[in-house]
Amino acid sequence: MYIHVFCHWCSYAGPKTELAIPAMVELNCALIGTGINHVKLLPASNDDHGGVIVDMREPVEPDFFLTMLRASMLLWRQQEKRGVWIKLPIELVNLVETAVKEGFCYHHAEPSYLMLVYWIPETPSTIPANASHRVGIGAIVWNDKRELLVVQEKIGIFRRAGVWKIPTGVVDEGEDIFMAATREVKEETGIDTEFQEILAFRQSHKSFFGKSDLFFLCFLHPKSFDIQKQELEIEAAQWMPLEEYAAQPFAKKHELFKYIDDLCLAKVDRNYAGFSPLPTTSIVNDRISYLYSNIRGLKLSSPDDHQ
């Protein structure tokens, strides 16, 4: 069975490159041997890389979805589209099997949807892989008494190990590194802090569900000092002299703990300079992001110079 598609429109919506078709525009086509004269297309918009994105929101029976998918794929092949993305909300999980049987693969999943993808050209796929890294922070909070803010954890690999460690955590989606550092310290210890610098970072692989990991060691100044530990995850929290922290048997055996000791001394005693956040504006929109740079000795131009 094959499909003849007689397309009477090829217009686009303008600079935003969205396909000028509503969610369920009818396409005049003849399905040989079926007697069907009209087939609705899937709701789609162009992406920025020569492909299309299907954002399914309305319930549809798998058989009807299959008919729309095949008609749409035929059109997209004629238009020489590249990648086809289908975003299926969790409510439409009944359509997953149909798409997979038509050659679609899983790309990634979020709590509310599954994203499937298909590469049309007869060339090696350039579809980007799913996010490959998780981002975490470690917070070095240093007071004027040369003490380090440390915790013992109730959960994780250090539970019941008697190990004193710096507060750590994962950067949330849409959260900046410096905000994550201050948030984690507040959540675990109740201490308010002011972010200063990223002192160093580590990359490791095959860490979380096979993903790579970026771990940023951040230096913060305390703005409060009375500890109120988190009951759910933290067994204990205290201010500890750096020498006592470094003297822990566990710290002597593990290089990351040793580097934290070295970085503290370098920062406090030898004027070690890390990376501070500089706000920048995206080239594609007005959202603010941050460039982390060693700003010591850096002559910062005025905002007008960047325009």
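## Terms and Basis of the Model

Contact means that heavy atoms lie within 4.5 Å. Helices (H or I, at least four residues) and strands (E, at least two) are DSSP runs numbered from the N terminus. The structure is a predicted model, in which local features need pLDDT of at least 70 and side-chain atom pairs count only at pLDDT 80 or more, while totals for chains, interfaces and linings use all residues. Residues are numbered from 1 along each chain as its sequence is written, and side-chain values use heavy atoms, with hydrogens and water left out.

## The Five-Stranded Sheet

Strands of a sheet pair through backbone hydrogen bonds, either parallel or antiparallel. Two strands are taken as paired here if DSSP finds at least two bridges between them. An open sheet of 5 strands has the order β4-β5-β6-β8-β7, with mixed pairing. Its edge strands, β4 (44-46) and β7 (105-110), each pair on one side only. Direction ignored, neighbouring strands of this sheet are turned by 20° against each other on average. Axes are lines fitted to C-alpha atoms, for helices over the stretch in contact, and angles run from 0 to 180 degrees between N-to-C directions.

Within this sheet, β5 (residues 52-55) and β6 (residues 83-89) pair in the parallel sense over 4 bridges. The bridge partner of I53 in β6 is W85. Helix α1 (residues 62-78) lies across β4, β5, β6 and β8 (113-119), and runs at about 155° to β6.

## A Buried Threonine

T98 belongs to helix α2 (residues 96-101). With a relative accessible area of 13%, T98 is buried; the term buried means under 20% relative accessible area, exposed means over 50%, and partly exposed lies in between (1.4 Å probe, protein chains only). Apart from neighbours within four places in sequence, T98 is in contact with P62, F65 and L66. T98 and P62 are 36 residues apart in sequence, yet 6.6 Å apart in space, C-alpha to C-alpha.

## The Four-Stranded Sheet

A further open sheet has 4 strands in the order β11-β9-β13-β12, and its pairing is mixed. β11 and β12 stand at the edges with a single partner strand each, so one side of each is left without a neighbour in the sheet. On average, neighbouring strands of this sheet are turned by 25° against each other, direction ignored.

β12 and β13 pair in the antiparallel sense over 11 bridges, and S204 has D213 in β13 as its bridge partner. Helix α3 lies across β9, β11, β12 and β13, running at about 60° to β9.

## The Pockets

On a 1 Å grid over the protein atoms alone, a pocket is an open set of points where a 1.4 Å probe fits, with protein on both sides within 12 Å along at least five of seven lines; lining residues have an atom within 4 Å of a point. Grid points are joined across faces, edges and corners, and a volume is the space filled by probe spheres set on the points. The largest pocket has a volume of about 810 Å³. Its lining has 30 residues, of which E153, F158, K165, T168 and F215 lie nearest the centre. The elements giving two or more residues to this lining are β9 (133-141), β11 (168-170), α3 (177-189), β12 (193-208), β13 (211-222) and α6 (255-269).

The second largest pocket has a volume of about 470 Å³. Among the 14 residues that line it, H133, R134, V135, V170 and V171 are the closest to its centre. β9 gives the most to this lining, with 3 residues.
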